[in-house]
Amino acid sequence: MSVTVRVPAKVNVQLAVGAARPDGFHDLANVFLAVGLFDEVTVTPAAELRITCEGPGAAQVPLDGTNLAARAAVALAERYGRTPDVHIHIAKDIPVAGGMAGGSADGAGALLACDALWGTGASHVELLDICAELGSDVPFSLVGGAALGIGRGEKLTVLETGGTFHWVFAMAERGLSTPAVFREFDRLVADSDVPVPVASPELLDALAKGDPDALAASVSNDLQPAALSLFPALADTLDAGRAAGALTALVSGSGPTTAFLARDAEAARQVARALSASGTCRAVRVTAGPVQGARLL
Ligand code: ATP
């Protein structure tokens with residue numbers, strides 16, 4: 001018997017980053033939107049914990065105990081006094097180290113899949129708790145839709161959205177390490193007063209209304225200068241998408257995936273064609289959000 005869970009990627013429509021705290025983490029005001037790029041996580045009973053992975057970038061995914069999917073299975077098994085004896089197979093479509101929370105998605109997916117396979121009957125709150133222990137972005141992967149995350153991003157408030165937003169994502173030739181991007185952020189802001197991160201009322205209003213023009217006018221990503229500093233060629237991808245008529249162009253999370261908002265599905269296809277022809281990225285995907293979080297197939 002196997003259980004498969006489908007989990008979406010995210011884009012941060014706002015990522016406000018505070019100064020580094022004494023513990024090294026940063027306070028965030030993080031507005032997540034789940035979008036229609038998915039990993040599928042399948043768990044099957046096995047003699048011992050084992051991970052396999054297929055899809056673009058699979059070679060970069062660790063297959064040992066550091067994989068977030070493995071850590072999720074171990075965390076749930078420990079709580080319920082059992083051994084995590086499962087084969088976890090990850091069919092990857094979310095870019096690896098792409099700023100779209102691919103690893104977090106696999107963590108949330110494995111957690112939900114193991115919960116179903118083992119019949120643990122953990123409550124939603126308990127699952128969210130384990131997610132928060134696994135990483136700042138993992139609770140959102142479970143919940144999906146749109147949400148504001150504060151603290152390290154893990155304290156979530158669900159947001160209502162008034163419509164579907166059309167996006168184009170441009171995948172880069174290589175990944176960026178999230179900790180390295182935060183270190184670069186710290187270096188770039190070293191001599192400035194970093195404001196306390198707060199969610200933008202205009203942005204929350206644009207999401208609630210489902211208004212793409214208002215959303216385009218209010219998106220922001222404080223990690224973008226750091227990502228561009230480490231990966232300057234991303235500026236060419238952003239320019240190519242803007243020139244093709246995107247309402248706005250931004251780096252997704254810590255990057256290097258770039259995100260382009262379009263007014264409708266046809267406009268998104270047009271931006272995607274121009275980006276593909278620009279030669280400034282590895283691959284281009286058209287999708288929409290919000291979509292629901294991790295769910296059993
Ligand atoms: P985020 O947007 O949450 O900052 P990301 O999308 O930039 O993350 P991930 O794809 O989650 O990046 O990968 C970051 C690193 O995490 C990888 O380089 C890899 O070493 C490690 N990792 C652990 N588990 C996984 C997993 N299941 N899938 C991909 N990477 C994983």
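Analyst: A disulfide is a pair of cysteine sulfur atoms within 2.5 Å. By this rule, the predicted model contains zero disulfides. Cys53 illustrates the result: the cysteine sulfur nearest to it belongs to Cys114 and is 16 Å away. Buried means under 20% relative accessible area. Cys53 therefore counts as buried, since its relative accessibility is 18%. Cys281, at 16% relative accessibility, counts as buried as well.

The ligand site comes next. The ligand is surrounded by 22 residues, and the closest are Ala97, Gly99, Gly103, Asp137 and Thr178. In the side chain of Lys10, an N or O atom is 3.5 Å from an oxygen atom of the ligand. Leu68 contributes a backbone N or O atom, which lies 3.1 Å from a nitrogen atom of the ligand. Gly102 also takes part through its backbone, with an N or O atom 3.3 Å from an oxygen atom of the ligand. On its own the ligand has 610 Å² of accessible area, and the protein covers 79% of it.

An annotation in the unreviewed UniProt entry, "domain: GHMP kinase N-terminal", covers residues 67–145. This span is 58% helix and 8% strand, and its end C-alpha atoms lie 24 Å apart.

Most residues other than glycine have a negative phi, and most peptide bonds are trans. Ala97 has a positive phi, near 50 degrees, although it is a residue other than glycine. Ala97 is placed in the loop between β4 (86–91) and α2 (102–118). Ala101 lies in the loop between β4 and α2 and has a positive phi of about 60 degrees. The two alanines can be set side by side by accessibility: Ala97 counts as partly exposed because its relative accessibility is 43%, whereas Ala101 counts as buried because its value is 11%.

Two peptide bonds elsewhere in the chain are also of interest. A cis bond joins Gly255 and Pro256, with omega about 5 degrees, and Pro256 lies in the loop between β9 (248–251) and β10 (258–262). Another cis bond runs from Gly289 to Pro290, with omega near 10 degrees. Pro290 is found in the loop between β11 (283–289) and β12 (295–296).

Finally, charged side chains pair across the model, which holds 15 salt bridges. One of them joins Arg79 and Asp129 at 3.6 Å, N to O. This pair links distant parts of the chain, with Arg79 in helix α1 (residues 68–79) and Asp129 in helix α3 (residues 124–134), 50 residues apart. Arg79 is partly exposed, with a relative accessible area of 35%, and Asp129 is partly exposed at 42%. Another salt bridge brings Asp213 and Arg263 together, with their closest N and O atoms 2.5 Å apart. Asp213 lies in helix α7 (residues 212–218) and Arg263 in the loop between β10 and α10 (265–278), so the pair ties together parts 50 residues apart in sequence. By contrast, Lys209 and Asp205, which meet at 2.8 Å, N to O, both lie in helix α6 (residues 201–209), four residues apart, or about one turn of the helix. Arg21, Asp23 and Asp27 are linked in a network of salt bridges.

How values were computed: Residues are numbered from 1 along each chain as its sequence is written. This is a predicted model: local features need pLDDT of at least 70, side-chain atom pairs count only at pLDDT 80 or more; totals for chains, interfaces and linings use all residues. Side-chain values use heavy atoms; hydrogens and water are left out. Buried means under 20% relative accessible area, exposed over 50%, partly exposed in between (1.4 Å probe, protein chains only). UniProt positions are given in the numbering used here, feature names are shortened, and annotations may be inferred rather than shown by experiment. Helices (H or I, at least four residues) and strands (E, at least two) are DSSP runs, numbered from the N terminus. A residue is near a molecule or strand if one of its heavy atoms lies within 4 Å of it. A polar contact is a pair of N or O atoms within 3.5 Å; within protein, one must be able to donate a hydrogen and the other to accept it, and residues adjacent in sequence count only if both atoms are side-chain atoms. Accessible areas come from the Shrake-Rupley method with a 1.4 Å probe; for residues, only the protein chains shown count as cover. A salt bridge is a side-chain nitrogen of Lys or Arg within 4 Å of a carboxyl oxygen of Asp or Glu.
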